[in-house]
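This report describes the architecture of a single protein chain, from its overall composition to selected local features. The sequence and structure are shown first.

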Amino acid sequence: MAALKNETLIPVESVTLCDQDDGVRDDEVNKPEVSNQRKSVGEQHLVSAFKQMKLEREAQKNWDLFYKRNATNFFKDRHWTSREFDELKTCRRKNPLCHPERCAVFQCDLTRDDLRDNVPEGCVDAAMLIFVLSAIHPDKMPSAVRNIHTVLKNGGVVLFRDYGVHDHAMRRFKASSKLADNFYVRQDGTRSYFFSKDFLAALFSEAGFCCITIEYVQRETVNKKEGLCVPRVFLQAKFTKKES
């Protein structure tokens with residue numbers, strides 16, 4: 001992931017770690033699905049270790065180039081977050097009483113930078129991870145989740161949504177794009193992980209969270225111009241920090 005695209009927003013005692021508005025990239029929808037004769041795990045050829053290390057080193061650069069090319073026009077804001085997560089209604093982001101000392105914007109690498117350098121320990125009510133973890137190497141996800149755990153209050157919540165296994169975007173990848181189980185690289189060098197319930201639940205449980213809800217969200221994305229209707233699968237969850 002490197003410094004990646006994570007912006008940490010701290011409005012009214014909440015922290016938002018946000019990536020994309022709804023996770024639907026045009027390059028994951030507008031192309032027909034690649035017919036791929038899936039082999040067993042033992043028969044699949046993964047991207048070479050050398051290339052994988054190169055992708056990890058250049059993760060920040062690849063995402064920076066992506067956003068330089070597309071700015072903020074690539075992902076469509078479908079305004080679903082407040083509908084899906086009632087907890088956000090209490091954050092009052094647009095409240096005129098919000099003061100600069102309680103609102104700060106900064107960039108960080110969740111896998112490397114200590115959030116406590118910018119956020120006091122144990123002060124955050126809610127953290128949003130909206131299509132963030134999928135861009136991080138699976139080996140580094142535990143450190144990112146532990147990082148968030150340090151700044152949450154006891155009883156604070158993490159609101160999560162990201163790609164789910166068997167999503168259309170996952171099915172489109174060729175076998176030559178596979179980095180590991182459920183982990184793939186796009187042509188532009190950016191990477192994406194596709195979550196299962198078991199993997200996500202274990203990831204947060206080991207970091208000291210309790211699961212409130214976890215469920216797959218199935219949607220259809222329609223591109224009328226191209227005459228395409230593709231199935232999307234996302235994983236949505238809420239976790240709370242255990243009382244110490």
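Is Phe204 buried or exposed, and what is its relative accessible area? Phe204 is buried, with a relative accessible area of 0%; buried means under 20% relative accessible area, exposed over 50%, and partly exposed in between (1.4 Å probe, protein chains only).

## Basis of the description

The model is a predicted one: local features require pLDDT of at least 70, side-chain atom pairs count only at pLDDT 80 or more, and totals for chains, interfaces and linings use all residues. Residues are numbered from 1 along each chain as its sequence is written, and side-chain values use heavy atoms, with hydrogens and water left out.

## Overall organisation

The chain contains 6 helices and 10 strands. Of the 244 residues, 49% count as buried. The chain exposes about 12,600 Å², and carbon and sulfur atoms supply 51% of that area; accessible areas come from the Shrake-Rupley method with a 1.4 Å probe, and for residues only the protein chains shown count as cover.

Among contacts in the chain with a separation of 6 or more, 80% are accounted for by residues 24 or more positions apart. Contact here means heavy atoms within 4.5 Å.

## Nonpolar cores

In soluble globular proteins, nonpolar side chains tend to be buried together. A nonpolar core is defined as a set of buried Ala, Val, Leu, Ile, Met, Phe, Trp, Tyr and Cys residues joined through side-chain atoms within 4.5 Å. The largest such core has 34 residues, of which Leu129, Leu133, Val158, Leu200 and Phe204 touch the most other members. At least two residues of this core are supplied by each of β4 (124-130), α4 (141-151), β5 (152-163), β7 (183-185), α6 (197-205) and β10 (228-241). Helix α4 gives the largest share, 5 residues.

A second, separate core comprises 16 residues, including Met128, Val157, Ala169 and Phe234.

## Aromatic pairs

Rings of Phe, Tyr and Trp (its six-membered ring) pair if their centres lie within 6.5 Å; planes under 30 degrees apart count as stacked, over 60 as edge-to-face and the rest as tilted. The count by this rule is 17 aromatic pairs. Tyr184 and Phe194 form an edge-to-face pair, at 6.1 Å centre to centre with 70 degrees between the planes. Tyr184 belongs to strand β7 and Phe194 to the loop between β8 (191-193) and α6, 10 residues apart. Both Tyr184 and Phe194 are buried.

Phe204 and Phe239 form a stacked pair, with 4.0 Å centre to centre and 0 degrees between the planes. Phe204 lies in helix α6 and Phe239 in strand β10, so the pair ties together parts that are 35 residues apart in sequence. Phe239 is buried, with a relative accessible area of 1%. Ring pairs also link Phe160, Phe183, Tyr193, Phe195, Phe199, Phe204, Phe209 and Phe239 into a cluster.

Strand β9 (residues 209-223) pairs with β10 in the antiparallel sense over 14 bridges; two strands pair if DSSP finds at least two bridges between them. Within this pairing, Cys211 stands opposite Phe239 in β10. The two strands form a hairpin with 4 residues between them, and Gly227 in the turn has a positive phi of about 70 degrees.

## Helix α2 and the segment around Gly189

Asn62 lies in helix α2 (residues 59-70) and counts as buried at 8% relative accessibility. The side chain of Asn62 reaches the backbone oxygen of Gly189 at 3.3 Å. Leaving aside neighbours within four places in sequence, Asn62 is in contact with Leu55, Asp188, Gly189 and Thr190.

Asp64 is also found in helix α2, but is partly exposed, with a relative accessible area of 38%. Asp64 and Thr190 are 126 residues apart in sequence and 9.9 Å apart in space, C-alpha to C-alpha.

Phe131, in the loop between β4 and α4, has a positive phi near 55 degrees. At 0% relative accessibility, Phe131 counts as buried. Asn182, in the loop between β6 (178-180) and β7, likewise has a positive phi, near 65 degrees.

Key. A polar contact is a pair of N or O atoms within 3.5 Å; within protein, one must be able to donate a hydrogen and the other to accept it, and residues adjacent in sequence count only if both atoms are side-chain atoms.
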